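Here are my notes on the charged pairs, as promised. Have the model open while you read.

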Amino acid sequence: MTRATPGAVAAVQPATDLPPLSRPHPRSHPRSLWFAGSILLVIALAVMSLRFGIRATHWSEIWMALTAYDGDIAEHIVVQTMRLPRLCAALLTGAALGTAGALIQALSRNPLADPGLLGVNGGAALGVVLCILVLNTSDPADFIWAALAGGFIAAGLVYFVGGGSRASVLRLILAGAAVSALFMALTRGLLLASQQALDVYRFWVLGGFDGIQAEMIYPLLPFLGLGAVLAAAATYGLNALSLGEEIARGLGVRTGLARLIAGLAIVVLCGASVALAGPIAFVGLIVPHLARWIAGPGLGWTVLFSSSLGACLLLAADLLGRLPLFGGNMQAGVMTALIGGPMLIWLVRRHGVGTL
C-alpha cells in the first residue's frame, strides 16, 4: 500500500472546495430579498402618506404638486407644506430610532433596552420645558435646539457619573436610570409651577409630527447623517464584543473605543429624533426584535433592517393616526404603542422569550 503524496492529495480535491471567505453566506440571498421588500414597503407607505389623511388627495394632484407646484391650489399646499415634511420627518425619525434601538440592545445585551436608556429623553424633556418657560413659546420649531441640547447634556452627565472612560455597560445603565429620574423630577416640578408650560408640554411629550415644517428638518440632517456613520462604524466592534471581552480584544478590537462609538451613535440618533418629533416610545424596543427575527445573526444586517422597519412602523403609525377612524389627529407616539404592543406579544408567543 503506497502512501499518497501531498501533491496527489491536492490533485484529487474537488474544485468546488473554495476558501471559507469566498463562500456566500447561506442566508445572504434571502436577507437581500427581505431587505428589498422592506424598502418597497417604505416606498408604498410613503406614497400612501402623501395620498391619505382627513381628506384623500387624487394621484394626479399629488404628481402636479411635486412636479409643478402652484401655491394657489389648496391640494398643492397640503401636499408640499404639510404632508411631504411630515413624511420626511416620520421616515428619518423611524430609521433613527430603529437603528439606535438595535445598537443599545447589542451594547447592553438586554433585549428590553430602549434608546432612551442613556437619559436622552429625560434631558430633552427638561430642555423643552425650560424653553417654554424662558422663551414663553409654544412653537415646535423653538423646541428643536432646546431638546437636542438637553439630550446631549443628559448623555454627557450619564457618561461622567457612570465612570467616564472606565465605565462599564452596567454602570452606564444605572447612571442613565438615575439621571433620567432626576431630570424627569425636575421637569414635573417645573410643570407644576406653570399651567401654560403644562398645556404645551403634554402635547409635545406624546410624540408626533403635527406642525412639522421643512425648516425644522434641515438643521437636524447633519446630526442624523453623523449618527448613521457612527452606527455603521460601531457594528464591527459590537459584533466582536458579543463573543466576549477577551475574544474581542484578541481580535484586535479596542473595546472601550467600540463602546464609546456605539454610545455616541445612540445619543446622536436618539437626540435628533426626540428633538424633531418628541419622545416616541416602542419603535426602538420592538423594531430590533423584528429585524433579528428576519435577518438572523449579524449586527450589520440587524441595523439595516432596524432602520428600514423603524421607518415602516412610524410611517404606518402616523398614517393611521391621520385617518378619520382615529379622529384625524391621533399622535404617532400613541399609535406606535397600539401597533407595537400586540406585535411584541405575538413575537414572544410565537418564538419565545429566548429568541428576543
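**Salt bridges**

1. Start with Arg322 and Asp318: their side chains form a salt bridge, with N and O 3.4 Å apart. (I call it a salt bridge when a side-chain nitrogen of Lys or Arg is within 4 Å of a carboxyl oxygen of Asp or Glu.) Arg322 is buried at 5% relative accessible area, and Asp318 is buried too, at 2%. Buried here is under 20% relative accessible area, exposed is over 50% and partly exposed is in between, using a 1.4 Å probe and protein chains only.

2. A quick word on where this comes from: the model is predicted, local features need pLDDT of at least 70, side-chain atom pairs count only at pLDDT 80 or more, and totals for chains, interfaces and linings use all residues. Residues are numbered from 1 along each chain as its sequence is written, and side-chain values use heavy atoms, leaving out hydrogens and water.

3. Asp318 also pairs with Arg86, at 2.9 Å from N to O. Arg86 sits in helix α4 and Asp318 in helix α14 (residues 299-321), so this bridge ties together parts 232 residues apart in sequence. Helices are DSSP runs of H or I, at least four residues long, and strands are runs of E, at least two, numbered from the N terminus.

4. Which residue does Asp210 bridge to? Its partner is Arg86, with the closest N and O atoms 3.0 Å apart. Asp210 lies in the loop between α8 (195-204) and α9 (214-217), 124 residues from Arg86. Asp210 is partly exposed at 24%, while Arg86 is buried at 12%.

5. Put together, Arg86, Asp210, Asp318 and Arg322 are linked in a salt-bridge network. The structure holds 3 salt bridges.
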